[in-house]
Amino acid sequence: MIYVTNFFKNKHNLRLIIGALCAANAIATFTPSVGAHEPVYHPYDIEHAMTSDITLDEIKNMIYSSDKLTEEEKALLYNEALFEDILPYVNQSEQMKFMYRAKFDNLDVKNIGPIMYNIIPYAGWYPGALSSNLYVKNYDINDEKSVDTLSHEYMHATQNLNCYPFFYEAAAEMYAHEYFGGEVDSYRPTIKMLEVLMEIIGSEPIKQYIYTGDFSMIEERVKPNLSDDEYATFMECISEELGPHSAERNEKLISVYQSLYFNIYGTYMRNDQIISHILSNDSTLNRAYFNDRLESYYISNSKAGSEYHYLEPISEKENIFTVEHQL
Ligand SMILES: [Zn+2]
């Protein structure tokens, strides 16, 4: 019994099991053009779902056709800027195209009430695989915190969850912030490490990985610029389960990043003002990594200030605290 309890407490085991159940269900119902008495498996539909590109209109139609969502939820979830930016990646992957078509026309937001909270003790949860269900504790679309949690979980529904959690958890929070305006309040230590990595190798390899599952662009930019041992440490750190040891992991990662930075740019990472601000938790820095429509800026009292002509003072950001964990 202890074994079972611990097994289910592990978020990835739980995600795997429920994800598998949802996948079985989604495949069984994924037969849009056949009658109720036809065989559930229809090779043409599966092949079509894997190969033809997904358009913005198709995503819009899928979301708006769900009879489980309110009009308000449909308007929130069909975030055109987001899909404009991620579909070019999603369309590179047959697996992703299939998954989107299996889950997006049946989206549902479910409340984690007091009883369900005993089983799913999180602020928010997405089961993974082909699930169309987004879970939010004490869900209320008019409550800002609920919408923040919903947008984080929704980002998981758009991602390739075979990626390492280091990337998909940090990215879910960052995408939710950049496209839905949510507060960045979970996974701060990991986000910081992902931000520094993107300051060094850019955000393109990360977008590619999260939305197709293809790691090669990250490898191409990191591996040739590190020793074998350093690259092994890098892989060990990013493939680690997210948990209480992030300080230790971050220390190792910083050391690897210092070599990576020096080997790429020929100067020391400690002299990079943007990275210094990220590492010192300077909340006057606001950088957008995924949504090009947003401006990156410092507030007027920033130490880095006007040295970066593309950064201009706009408003003061609130301090960021870690709040209740969301998966
Ligand atoms: Zn999450």
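Modeller: The axes of helix H9 (residues 144-158) and H10 come within 8 Å and cross at roughly 125°. Helices here are DSSP runs of H or I, at least four residues, numbered from the N terminus. The axes are lines fitted to C-alpha atoms over the stretch in contact, with angles from 0 to 180 degrees between N-to-C directions. This is a predicted model, where local features need pLDDT of at least 70, side-chain atom pairs count only at pLDDT 80 or more, and totals for chains, interfaces and linings use all residues. Residues are numbered from 1 along each chain as its sequence is written.

Biologist: What makes H9 oblique to H10?

Modeller: Under 35 degrees counts as roughly parallel, over 145 as roughly antiparallel, 65 to 115 as roughly perpendicular and the rest as oblique. The angle is roughly 125°, so H9 is oblique to H10.

Biologist: Which residues of H9 and H10 meet?

Modeller: From H9, Asp148, Ser151, His152, Met155 and His156; from H10, Tyr168, Ala172, Glu173, Tyr175, Ala176 and Phe180. Contact means C-beta atoms, placed from the backbone, within 7 Å.

Biologist: OK, and where is Gly182?

Modeller: Gly182 sits in the loop between helix H10 (165-180) and helix H11 (188-201). Leaving out residues up to four places away in sequence, Gly182 touches Asp148, Ser151, His152, Ala176 and His177.

Biologist: Why is Gly182 called buried?

Modeller: Buried takes 20 or more other C-beta atoms within 10 Å of a residue's own (12 or fewer is exposed, in between partly exposed). Gly182 has 23, so Gly182 is buried.

Methods
Helices (H or I, at least four residues) and strands (E, at least two) are DSSP runs, numbered from the N terminus. Two residues are in contact if their C-beta atoms, placed from the backbone, lie within 7 Å.
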